[in-house]
Amino acid sequence: MKHRPEQEKAPLFDALLAHRQRSCANFHVPGHKQGSAFDEKSKSWFSPLLELDLTEVGELDDLHDATGVIQEAEQLAAELFRADRTFFLVGGTTAGNLASVLALCRPGETLIVGRNCHQSVFHACMLAGALPVYLSAGVDDGGQERPLDPEVLEQVLRLHPDAKGVVLTSPTYWGLVQPVAELAKMCHRYGVPLVVDEAHGAHLGFAPGLPPSAMDSGVDVSIQSTHKMLSSMTMSSMMHLKGSRIDADEVAHWLKVIESSSPSYPLMASLDVTRRMMATKGEAALVELLSRLQDFRGNIKALRHLSERRPPGLRDPLKLSLTAGQGVTGYQLSEWLASQGVYTEMADHEAVLFVFTMGTTPTDLVRLTEALRRLDKVVPLLPKTKPGHPPSLPQWRKADLSWAQLRRRPKRRVPLQQAVGMIAAEMIVPYPPGVPLVLPGERLTEAGIDYITDVIHAGGRVRGIRHEGEVPTLTAIE
């Protein structure tokens with residue numbers, strides 16, 4: 001993949017270095033004064049970054065009114081990621097999700113939202129006062145989420161012609177890539193924009209063997225956690241826009257509202273240099289990684305008790321989901337691996353998830369292979385638990401109460417087991433991956449409560465559930 005020579009520049013990072021050389025006296029924030037005042041015991045770890053931890057001085061530009069090096073860096077990113085406009089984010093993909101929903105919706109307006117969206121999308125609906133219609137693809141016989149059906153989306157769009165947009169997630173945490181091109185065409189046929197939370201897909205479209213990116217698939221907005229699958233620093237993300245179905249100036253306005261007025265220059269510079277790395281070395285590095293992962297998967301096929309759980313439909317090869325079956329949970333697998341110094345991304349009641357990136361070395365894969373071989377011998381000795389499965393959900397539904405109604409109704413804490421038939425006042429979120437199982441305004445079912453109980457008993461964490469002594473409770477409305 002060839003790029004213009006300009007892609008070899010890193011204008012924001014270079015400006016930081018130039019300012020560091022030029023500055024002889026610092027009478028502005030931040031208070032550590034480029035590391036002059038800092039805890040001595042930790043200073044050696046922080047020192048290189050502290051010298052670049054600056055503010056809007058000299059030629060360093062302003063994230064929220066970019067006209068110089070930040071604007072140039074964002075334009076280079078837009079070119080590389082095939083967007084019309086790119087915004088650097090210092091509040092993670094959460095900031096982009098919030099800004100996109102607030103730019104699309106006014107209070108009382110309808111928004112079509114995938115149920116498997118990150119909780120930040122539902123927080124955005126709350127802030128915007130949107131009336132969400134929830135989409136669910138359901139699960140296959142193995143309990144894994146299916147790809148969304150464009151025909152179901154069309155049915156919902158036809159029933160809700162006033163919808164201001166559609167917000168979906170692709171890839172999912174587990175690596176399922178939605179049929180984004182078909183979904184985008186369906187949205188545009190009905191004149192609504194498609195926003196894709198692509199937090200786990202910043203690498204897509206950069207090498208043969210990878211699924212196409214959301215931008216390449218025709219979406220209007222994609223928000224990528226550049227820090228997750230590429231190499232920028234944690235909390236740094238990019239928001240890409242294409243076309244005129246969403247107002248870029250409105251997005252910029254809401255980003256000013258949501259994000260700090262003192263954005264981190266190290267975070268923004270890490271986005272700049274990550275873009276440069278992807279332009280100059282990204283494809284070659286990803287091709288090499290994909291080759292190594294193919295060999296790795298071949299090496300672990302001989303395992304007797306561990307096997308790869310493959311999501312239905314198109315998948316991201318940089319995610320690996322392993323399951324042992326036989327009543328052994330992913331929590332158990334993850335805990336055993338952690339005891340060996342091998343830390344995984346997440347686990348659920350069935351599987352454990354591994355994330356590979358360009359930072360994954362051949363030595364890492366050798367060590368993982370050896371650890372999995374040891375784990376494979378231990379699996380028969382692990383305690384068995386009753387398998388739990390998420391309850392089935394309708395393909396689409398509205399909440400029983402709107403966000404505005406929820407704010408006006410009295411709420412109380414109730415024991416989990418006594419909440420059947422009540423309406424949830426908060427999101428119930430097994431975390432990670434931070435995808436709500438029950439949404440505010442939805443009625444709690446016996447199947448849902450049984451699953452929450454199974455997750456807790458299996459060692460999982462569930463946000464929205466508090467433990468008062470030994471009794472799990474939640475906030476509900478009669």
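**Cavities**

I looked up the largest cavity first: its volume is about 50 Å³. A cavity here is a set of points on a 1 Å grid over the protein atoms alone where a 1.4 Å probe fits but cannot get out; lining residues have an atom within 4 Å of a point. Volume is the space filled by probe spheres set on the points, which are joined across faces, edges and corners.

This is a predicted model: local features need pLDDT of at least 70, side-chain atom pairs count only at pLDDT 80 or more, and totals for chains, interfaces and linings use all residues. Residues are numbered from 1 along each chain as its sequence is written, and side-chain values use heavy atoms, without hydrogens and water.

Which residues line the largest cavity? I noted Trp174, Glu308, Arg309, Arg310, Asp316 and Lys319 among them. The lining splits into three nonpolar, two polar and six charged residues.

I then turned to the second largest cavity, with about 40 Å³ of space. Its lining includes Phe81, Arg82, Leu204, Phe206 and Met215.

**Cores**

Next I checked nonpolar cores (sets of buried Ala, Val, Leu, Ile, Met, Phe, Trp, Tyr and Cys joined through side-chain atoms within 4.5 Å; buried means under 20% relative accessible area with a 1.4 Å probe, protein chains only). The largest has 78 residues, and Leu333, Phe354, Leu372 and Leu474 touch the most other members. Apart from it I found another core of 38 residues, including Ala130 and Leu255.

Terms used: On a 1 Å grid over the protein atoms alone, a cavity is a set of points where a 1.4 Å probe fits but cannot get out, and a pocket is an open set with protein on both sides within 12 Å along at least five of seven lines; lining residues have an atom within 4 Å of a point. Ala, Val, Leu, Ile, Met, Phe, Trp, Tyr, Cys and Pro count as nonpolar, Asp, Glu, Lys and Arg as charged, and the others, Gly among them, as polar. Buried means under 20% relative accessible area, exposed over 50%, partly exposed in between (1.4 Å probe, protein chains only).
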